[in-house]
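Please walk through the model below, beginning with a loop residue and its surroundings.

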Amino acid sequence: MPTILGSGQFTYEEDRTWGKLPPGWAYKEAAAVGVDANDNVYVFSRGEHPMIVFDRQGNFLRSWGEDMFVRAHGVSMGPDESIYCTDDGDHTVRKCTYDGKVLMLLGVPGKPADMHSGKPFNRCTHIALCPHTGDLYVSDGYGNSCVHKYSPDGKLLFSWG
């Protein structure tokens, strides 16, 4: 019997066959999921292949991010066919193309800010984009308990928390 999730008009049936991985691959701790304008699904995980991309039907398209990420945490889709990947183990946010080319890097890989210093980043967790201005808001929740606001080109504007 299939598992049904949700309620009312928002019910979903679990499909354990969706997301066909290449032989020998396995899922490990999917931390975040994003969907692009073409309904491709980006699974940001903590396994050997950090970003696994599927088409709408669950067919494997590609993977990327091997040797780039330490600990996957958050994903946000940009309005310009980009994807923002938050790595709380590396203390960074990377803006990437859909095939993994890094367009912008926020933070210094492997170098956390001092704990609760209010400076970017100490285990950043997620990013939100303002649809009107393109400003970026980065939650820096585990080691800092604050939010950092950046301009669309990556300039730190201010922090609070």
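Asn144 sits in the loop between strand E12 (136-140) and strand E13 (146-150); strands (E, at least two residues) and helices (H or I, at least four) are DSSP runs, numbered from the N terminus. The model is predicted, so local features need pLDDT of at least 70 and side-chain atom pairs count only at pLDDT 80 or more, while totals for chains, interfaces and linings use all residues. Residues are numbered from 1 along each chain as its sequence is written, and side-chain values use heavy atoms, with hydrogens and water left out.

With a relative accessible area of 5%, Asn144 is buried (buried means under 20% relative accessible area, exposed over 50%, partly exposed in between, with a 1.4 Å probe and protein chains only). What does Asn144 contact, leaving aside its neighbours within four places in sequence? The residues are Ala113, Asp114, Met115, His116, Ser117, Gly118, Lys119, Phe121 and Asn122, where contact means heavy atoms within 4.5 Å. Two backbone atoms face polar atoms of the Asn144 side chain: the nitrogen of Ser117 at 3.1 Å and the oxygen of Lys119 at 2.7 Å. Asn144 and Lys119 are 25 residues apart in sequence, yet their C-alpha atoms are 7.8 Å apart.

Phe121, one of the residues in contact with Asn144, belongs to the loop between strand E10 (102-106) and strand E11 (126-129). The peptide bond that leads from Pro120 to Phe121 is cis, with omega near -20°.

Past strand E13, Ser151 lies in the loop between E13 and strand E14 (156-160). Ser151 has 10% relative accessibility and therefore counts as buried. Its side chain makes a polar contact of 2.3 Å with the side chain of Asp153. A polar contact is a pair of N or O atoms within 3.5 Å; within protein, one must be able to donate a hydrogen and the other to accept it, and residues adjacent in sequence count only if both atoms are side-chain atoms. Beyond four places in sequence, Ser151 is in contact with Asp135, Leu136 and Leu157.

The next topic is the aromatic rings. The whole structure holds nine aromatic pairs; rings of Phe, Tyr and Trp (its six-membered ring) pair if their centres lie within 6.5 Å, and planes under 30 degrees apart count as stacked, over 60 as edge-to-face and the rest as tilted. Trp18 and Phe54 form a tilted pair because their planes stand at 55°, with ring centres 5.2 Å apart. Trp18 is in the loop between strand E2 (10-13) and strand E3 (30-35) and Phe54 in strand E5 (residues 51-54), so this pair ties together parts 36 residues apart in sequence. Phe54 is buried at 0% relative accessible area. Tyr27 and Phe54 are also a tilted pair, since their planes are at 40°, with centres 6.4 Å apart. Here the link runs from the loop between E2 and E3, which holds Tyr27, to strand E5, over 27 residues. Trp18 is partly exposed at 29%, and Tyr27 is partly exposed at 43%. Ring pairs join Trp18, Tyr27 and Phe54 into a cluster.

Two backbone features remain. Asp67, not a glycine, has a positive phi of about 70°; it is in the loop between strand E6 (60-64) and strand E7 (72-77) and is exposed at 87% relative accessibility. Glu81, also not a glycine, has a positive phi of about 55°. Glu81 lies in the loop between E7 and strand E8 (82-87) and is exposed, with a relative accessible area of 59%.
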